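This report describes the chains one at a time and then the places where they meet.

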Amino acid sequence: MAEGPVLLDATLARSWMLAMASAVDREREQLTALDSAIGDGDHGANLQRGFRAVAESAPDRATAGAVLTGSGMTLISTVGGASGPLYGSAFRAMGKALGDAPADAEQLGAALAAGLAAVQGLGGAQPGDKTMVDAWTPAVGAFGAAAAEGLASAARAAAEAAEQGAGDTVPLRARKGRASYLGERSVGHQDPGATSTALLFRALAEVVAG
Amino acid sequence: MKKLINSPDDVVADALAGIAAAHPGLSVDAKERVITRAAQTRVGKVALVSGGGSGHEPLHGGFVGPGMLDAACPGEVFTSPVPGQMLAAARVVEAGAGVVFVVKNYTGDVLNFRMAAELAEDEGLAVETVLVDDDVAVQDSTWTAGRRGTGATLFVEKIAGAAAERGASLTEVAALGRRVNAASRSFAVALTSCTTPAAGRPGFDLPEDEIEVGVGIHGEPGRSREKIRPAREIVASAMAAILADRPMEPGDEVIVLVNGLGGTPLLELYIVFGEVASLLAARGVRIARSLVGDYVTSLDMAGVSISLCRADAELLALWDAPVNTPALRWGV
């Protein structure tokens with residue numbers, strides 16, 4: 001018997017966005033520190049601005065799909081940088097994939113895959129490029145593999161895979177984004193985008209936990 | 001780190017208020033975060049829109065005015081603006097001949113401007129994008145996001161802006177901008193890091209006797225860290241990188257920009273310019289036009305970027321054309 005909720009509805013989607021906003025508030029300094037090492041140190045501040053705006057607008061949406069699509073538009077219009085369009089497009093793609101009905105684990109898994117496809121379509125990153133794709137890819141894979149066990153199990157597996165994927169970016173040499181300018185000097189640092197993606201999947205796991 | 005700010009969250013808004021108050025030739029939309037010329041675009045003139053993170057002043061807002069940009073979109077500090085800003089700017093300055101976006105090649109700027117271009121085209125506006133990627137410190141484009149846009153942005157905005165003012169078409173202005181970019185190369189060296197208002201401390205630690213070689217304009221660390229040396233040797237290695245990438249022949253004419261990154265005395269910039277001039281003279285390359293000062297900055301970073309643009313008679317004539325902006329003004 002699966003634990004926790006069976007479907008992701010508008011209420012749970014809103015909780016996910018609020019949990020992500022809290023996580024970004026909590027981890028802002030860590031994201032800033034990671035981004036200072038291999039970027040320009042603004043990832044925490046930019047995401048905080050965006051997800052605070054998302055948290056303020058999330059209550060207005062009636063379906064899970066609308067919560068995510070609307071959150072994507074808010075991120076695109078508030079974050080800037082590369083992460084605004086990338087997260088924004090991912091959320092819009094997920095929202096469109098969900099449509100108007102509450103989603104079961106299989107449907108949410110397909111939506112997450114659509115989110116990853118949007119990130120890769122826009123940014124062109126492949127796994128191993130030391131970007132958020134390195135957390136998204138294993139998370140989407142783990143979610144799909146565990147979808148038959150229900151939302152809570154799938155989300156927990158995805159969160160663990162995303163955190164593993166973010167940690168696994170440490171030895172990689174960046175090939176996309178601002179860190180790529182460092183060449184070999186990007187090696188030895190965890191990618192901030194992969195780290196914030198891990199926060200996103202952990203937030204999902206928290207709100208659908210049984 | 002001490003800063004002349006009211007609050008880290010308000011730096012862009014407060015600076016925009018100051019820009020509006022200081023420059024009656026500009027119109028500042030504080031809500032949309034768009035800087036335009038106070039006068040409307042002449043009907044039939046191609047409109048030039050640029051933008052990028054704040055912290056590089058006078059780029060881009062200081063280059064808005066007759067002969068250069070029609071609009072600039074400032075993002076948060078070191079963060080690209082959002083698509084809505086560029087769309088709002090394009091709507092205001094478009095005058096029937098289309099819009100050229102001048103975009104520095106950073107992933108964030110590229111993605112946000114691409115979204116803005118799609119939205120503008122959906123509204124029926126004709127948009128061309130000129131990507132500036134002049135920084136030779138980023139070498140291997142298959143391993144990176146490609147070369148960064150730095151000092152050559154000024155060359156592109158000035159020369160393409162002059163062409164638009166003369167009535168060139170959308171295609172012509174964009175092609176000219178791309179030609180200027182292709183003829184330009186830059187290299188930068190930092191003596192210190194810089195401090196964003198949000199972080200409040202330097203982006204990286206640089207020991208007293210070391211420099212970052214090949215830095216960009218966002219406080220991101222460079223490609224290598226070296227001991228401080230005399231200006232002559234630092235300039236020689238920067239020029240070697242530029243000239244290895246874009247060889248110059250005896251008799252070539254260049255526009256030279258020796259650009260301060262925000263925290264370097266003009267006295268030192270002139271020392272650098274003198275070294276650049278000696279090296280070019282030794283190769284028989286003629287400095288046709290020159291610019292020394294803080295134009296594309298990185299907040300309070302001490303350091304310098306050197307930009308060269310190989311210029312033919314057409315580019316020099318457009319460079320010399322009248323320009324009347326807060327940061328660049330001649331011939332008026």
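Two residues are in contact if their C-beta atoms, placed from the backbone, lie within 7 Å. By that rule, among contacts in chain B between residues at least 6 apart in sequence, 71% join residues at least 24 apart. In chain A, 68% of the contacts between residues at least 6 apart in sequence join residues at least 24 apart.

The model is predicted: local features need pLDDT of at least 70 and side-chain atom pairs count only at pLDDT 80 or more, while totals for chains, interfaces and linings use all residues. Residues are numbered from 1 along each chain as its sequence is written, and chains are lettered from A and ligands numbered from 1 in the order in which they are written.

**The two chains**

Helices (H or I, at least four residues) and strands (E, at least two) are DSSP runs, numbered from the N terminus. Chain A has 8 helices and 0 strands, and its elements run α-α-α-α-α-α-α-α from the N terminus on. Chain B has 8 helices and 14 strands.

The radius of gyration is taken over C-alpha atoms, and the globule rule is 2.2 Å times the number of residues to the power 0.38. For chain B the radius of gyration is 19 Å, close to the 20 Å that the rule gives for 332 residues, so chain B is as compact as a globular protein of that length. For chain A, with 210 residues, a compact globule would have a radius of gyration near 17 Å, and the value of 16 Å agrees.

A residue is buried if 20 or more other C-beta atoms lie within 10 Å of its own, exposed if 12 or fewer, and partly exposed in between, with C-beta atoms placed from the backbone.

| Chain | Residues | Buried | Box (roughly) |
|---|---|---|---|
| Chain A | 210 residues | 68% | 45 × 30 × 30 Å |
| Chain B | 332 residues | 58% | 55 × 50 × 40 Å |

**Helix packing in chain A**

Axes are lines fitted to C-alpha atoms, for helices over the stretch in contact, and angles run from 0 to 180 degrees between N-to-C directions. Helix α6 (residues 133-146) and helix α8 (residues 192-208) of chain A pack at an angle of about 35°, with their axes 7 Å apart. In this contact, A:Asp134, A:Ala135, A:Trp136 and A:Ala139 of α6(A) meet A:Ala194, A:Thr197, A:Ala198 and A:Phe201 of α8(A).

Ala, Val, Leu, Ile, Met, Phe, Trp, Tyr, Cys and Pro count as nonpolar, Asp, Glu, Lys and Arg as charged, and the others, Gly among them, as polar. The residues of the contact of α6(A) with α8(A) divide into 6 nonpolar, 1 polar and 1 charged.

**The sheet in chain B**

Two strands pair if DSSP finds at least two bridges between them. Chain B holds an open sheet of 6 strands with mixed pairing, in the order β1-β2-β4-β3-β5-β6. Strands β1 (26-29) and β6 (127-132) of chain B stand at the edges with a single partner strand each, so one side of each is left without a neighbour in the sheet. From one strand to the next, the twist averages 20°.

Strand β1(B) and strand β2 (residues 34-37) of chain B run antiparallel and are joined by 4 bridges. B:Leu26 has B:Arg37 in β2(B) as its bridge partner. Helix α5 (residues 170-182) of chain B lies across β5 (99-104) and β6 of chain B, at about 5° to β6(B).

**Domains of chain B**

Domain bounds come from an automatic or database domain assignment. Chain B is divided into domain 1 (13-182) and domain 2 (184-310). Their centres, taken over C-alpha atoms, are separated by 23 Å. Domain 1 of chain B brings 20 residues to the contact and domain 2 of chain B brings 29 residues. On the side of domain 1 that touches domain 2, α4 (152-165) and α5 of chain B each supply at least two residues, and α4(B) gives the most, with 4 residues. That side of domain 1 divides into 10 nonpolar, 6 polar and 4 charged residues.

**Where the chains meet**

Chain B has 30 residues in contact with 26 residues of chain A. On the side of chain B that touches chain A, the elements giving two or more residues are β4 (71-77), α2 (83-93) and α3 (107-122) of chain B. The largest share, 5 residues, comes from α3(B). The residues of this side divide into 13 nonpolar, 13 polar and 4 charged.
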